[in-house]
Amino acid sequence: MENHTYHEQVTIENVRKLREVLKTLPPFARDYFRAIEPTTSARTRISYAYDIRIFFNFLLAENPYFKNKTMSDITVEVLDQLQAVDIEEYQEYLKVYDSAEDDRLQTNGERGLKRKMSALRSFYAYYYKREMIRTNPTVLVDMPKLHDKEIIRLDPDETAELLDYIEHAGDQLTGQKKVYYEKTRLRDLAIVTLLLGTGIRVSECVGLDVGDIDFKNGGIRVVRKGGSEMMVYFGEEVETALLNYLDVRAGITPVAGHENALFYSTQRRRIGVQAVENMVKKYAREVTTTKKITPHKLRSTYGTTLYQETGDIYLVADVLGHKDVNTTRKHYAAMDDDRRRRAASAVKLRKA
């Protein structure tokens with residue numbers, strides 16, 4: 001495993017995980033996952049596999065036709081026997097159901113519902129296009145309507161306050177908490193400054209190797225969602241935070257296989273997504289109690305600031321790594337409204 005890059009290791013682990021999940025699905029389902037392999041990441045296929053498994057668990061648990069049947073008994077012909085009303089029942093079931101794996105109560109909001117219904121539509125479409133089934137009831141069922149969510153982000157003064165707090169929080173700490181804080185302070189400051197100063201995803205941040213930083217050109221090489229590489233550029237504040245952390249990093253002896261990682265955990269391994277999320281939440285709680293700040297909200301803060309400064313939605317889309325500018329426009333449309341309102345008061349028809 002040590003001979004592979006971090007991203008290659010993640011892909012290998014995800015492929016293995018996917019194979020394990022596919023063993024729990026009806027045998028014919030493997031054709032679909034093989035077909036979508038060239039156009040999707042292993043992580044996406046795992047999500048789809050879990051979602052499709054919920055659908056088949058629903059049939060086995062709720063549909064009288066499948067009484068005393070098992071997952072391996074289900075054949076592709078079953079898809080043709082279902083009608084739109086069965087798909088509607090499944091959509092209703094998804095709102096609240098007991099997990100077949102651990103009997104825990106599961107719920108889905110509108111986004112979870114839409115994702116699972118999209119997975120089922122894609123699954124059905126494959127077999128319908130291949131003429132392995134004659135009907136596709138999923139297209140007869142309306143998709144859940146998504147309501148726009150307010151963009152939660154830090155205001156400029158909150159951003160400054162957050163960075164100041166990370167830098168000086170030790171003044172208020174004692175004992176073991178102070179020792180831990182001092183040990184991680186420059187790392188945490190570098191991570192949060194990098195997220196706020198470049199808008200990269202938390203998954204992209206933890207995947208960085210030390211060799212991905214190019215101080216000469218002021219950029220970092222990032223592997224985006226889907227596997228494409230891109231140079232993302234940073235300013236002086238990010239550069240200073242990274243250089244200060246690298247001084248500390250030089251004194252760390254990493255666990256074998258983690259030598260190239262940029263950011264280390266206290267266990268001297270590559271830091272994980274969950275650890276960064278917990279760290280950001282811990283510090284952000286001290287700055288704002290009304291906003292639930294996560295690494296993704298730091299990304300939104302960057303996108304908002306960049307759009308306010310440039311007014312260039314295409315630039316924001318490019319830097320954030322959005323494949324479709326409409327995704328970006330949807331997120332930052334509210335700011336366009338603010339600019340339009342300013343236009344209303346900017347033009348005076350009669351001079352006072």
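This is a predicted model: local features need pLDDT of at least 70, side-chain atom pairs count only at pLDDT 80 or more; totals for chains, interfaces and linings use all residues.
Take the helices to begin with. Two packed helices are described by the angle between their axes and the distance between the axes. Here, the axes of α8 (residues 175–198) and α10 (residues 236–249) come within 8 Å, crossing at roughly 155°. Angles over 145 degrees count as roughly antiparallel, so α8 is roughly antiparallel to α10. The crossing of α8 past α10 is left-handed.

As for who touches whom, α8 brings L186, R187, L189, A190, T193, L194 and G197 to the contact, and α10 answers with E237, V238, A241, L242, N244, Y245 and V248. Sorted by class, the contact of α8 with α10 comes out at 9 nonpolar, 3 polar and 2 charged residues.

On to the strands. An open sheet of 3 strands is laid out in the order β3-β4-β5, and the pairing is antiparallel. β3 (213–214) and β5 sit at the edges, each pairing on one side only.

The β3 and β4 strands run antiparallel and are joined by 2 bridges; I213, for instance, has I220 in β4 as its bridge partner. Between β4 (residues 219–223) and β5 (residues 229–233), also an antiparallel pair, there are 5 bridges. β4 and β5 make up a hairpin, with 5 residues between the two strands. In the turn of that hairpin, G226 has a positive phi of about 95°.

Notes: Residues are numbered from 1 along each chain as its sequence is written. Side-chain values use heavy atoms; hydrogens and water are left out. Axes are lines fitted to C-alpha atoms, for helices over the stretch in contact, and angles run from 0 to 180 degrees between N-to-C directions. Helices (H or I, at least four residues) and strands (E, at least two) are DSSP runs, numbered from the N terminus. Angles under 35 degrees count as roughly parallel, over 145 as roughly antiparallel, 65 to 115 as roughly perpendicular and the rest as oblique. A crossing is left-handed if the near helix is turned anticlockwise from the far one by less than a right angle, and right-handed if clockwise. Contact means heavy atoms within 4.5 Å. Ala, Val, Leu, Ile, Met, Phe, Trp, Tyr, Cys and Pro count as nonpolar, Asp, Glu, Lys and Arg as charged, and the others, Gly among them, as polar. Two strands pair if DSSP finds at least two bridges between them.
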